[in-house]
Amino acid sequence: MVRGILTLRCPRCYRGPLFKGLIDMPERCPVCGLIYEREHGYFVGAMAISYGLAVGLVAIIFFGLLAITRWPLEWVLLVASVAFLPLAPLCLRYSRALWMYLDRRIDPIDPVDR
Ligand SMILES: [Zn+2]
């Protein structure tokens, strides 16, 4: 499961890719046919995970800069926030993967099967 999350693979078959571009998701898994967006607004839950990941990454960059520079706090925060921006797509991808794996762990029955 951890490998599936790290390699961004389908939470059911662990083989189909979750993304076909940087942030584009196919509607279904090309291998097993699992519908990735289970219901309308399904990925709203991933936004909470994304927020947590983003705050964590900005904090790591912030404290890293604070340790190696003597810049004022405002500048460190500004630079840390700007330095995070290229990591935002990565944050989206992993937050969606984490959300899908967590959701399927809690509720493994697909809507089609109900
Ligand atoms: Zn699959």
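Figure 1. The protein has four helices and zero strands, where helices (H or I, at least four residues) and strands (E, at least two) are DSSP runs numbered from the N terminus. Welcome to a predicted model: local features need pLDDT of at least 70, side-chain atom pairs count only at pLDDT 80 or more, and totals for chains, interfaces and linings use all residues. Residues are numbered from 1 along each chain as its sequence is written. The C-alpha trace spans about 60 × 20 × 20 Å along its principal axes.

Figure 2. Of the 114 residues in the protein, 11% are buried. A residue is buried if 20 or more other C-beta atoms lie within 10 Å of its own, exposed if 12 or fewer, and partly exposed in between, with C-beta atoms placed from the backbone. Two residues are in contact if their C-beta atoms, placed from the backbone, lie within 7 Å. Among contacts between residues at least 6 apart in sequence, 46% join residues at least 24 apart.

Figure 3. Helix 4 covers residues 88–106, and at 1.5 Å a residue its 19 residues should span 27 Å; the end C-alpha atoms are 27 Å apart, which agrees. The expected span is 1.5 Å times one less than the number of residues in the helix. Its buried residues are Leu92, Ser95, Arg96, Ala97, Trp99 and Met100. These pack against helix 1 (2–6) and helix 2 (44–68). An α-helix has 3.6 residues a turn, so residues three or four places apart point the same way.

**Figure 4. The largest nonpolar core.** Seven residues make up this core: Cys10, Leu18, Cys29, Ala46, Ala97, Trp99 and Met100. Helix 4 gives the most to the core, with three residues. A nonpolar core is a set of buried Ala, Val, Leu, Ile, Met, Phe, Trp, Tyr and Cys residues joined through C-beta atoms within 7 Å. Zoom in on alanine 97 and you will find contacts with Ile5, Leu8 and Leu18, leaving aside its neighbours within four places in sequence.

**Figure 5. Two positive phi values in one loop.** Leucine 8 lies in the loop between helix 1 and helix 2, and tyrosine 14 lies in the loop between helix 1 and helix 2 as well. Phi of leucine 8 is near 55 degrees, a positive value in a residue other than glycine. For tyrosine 14, phi is near 60 degrees, again positive in a residue other than glycine. Most residues other than glycine have a negative phi. Leucine 8 is partly exposed, with 15 other C-beta atoms within 10 Å. Tyrosine 14 also counts as partly exposed, having 15 C-beta neighbours inside 10 Å.

**Figure 6. Proline 26 and its surroundings.** Here is another residue of the loop between helix 1 and helix 2, proline 26. With 14 other C-beta atoms within 10 Å, proline 26 is partly exposed. Not counting residues up to four places away in sequence, proline 26 touches Lys20 and Tyr36. Proline 26 and isoleucine 109 are 83 residues apart in sequence and, C-alpha to C-alpha, 20 Å apart in space.

Figure 7. Isoleucine 60 lies in helix 2 and is exposed, with 12 other C-beta atoms within 10 Å. The C-alpha atoms of isoleucine 60 and phenylalanine 84 are separated by 10.0 Å, while the two residues are 24 residues apart along the chain. Leucine 90 lies in helix 4 and is partly exposed, with 13 other C-beta atoms within 10 Å. Leucine 90 and leucine 53 are 37 residues apart in sequence and 9.9 Å apart in space, C-alpha to C-alpha.
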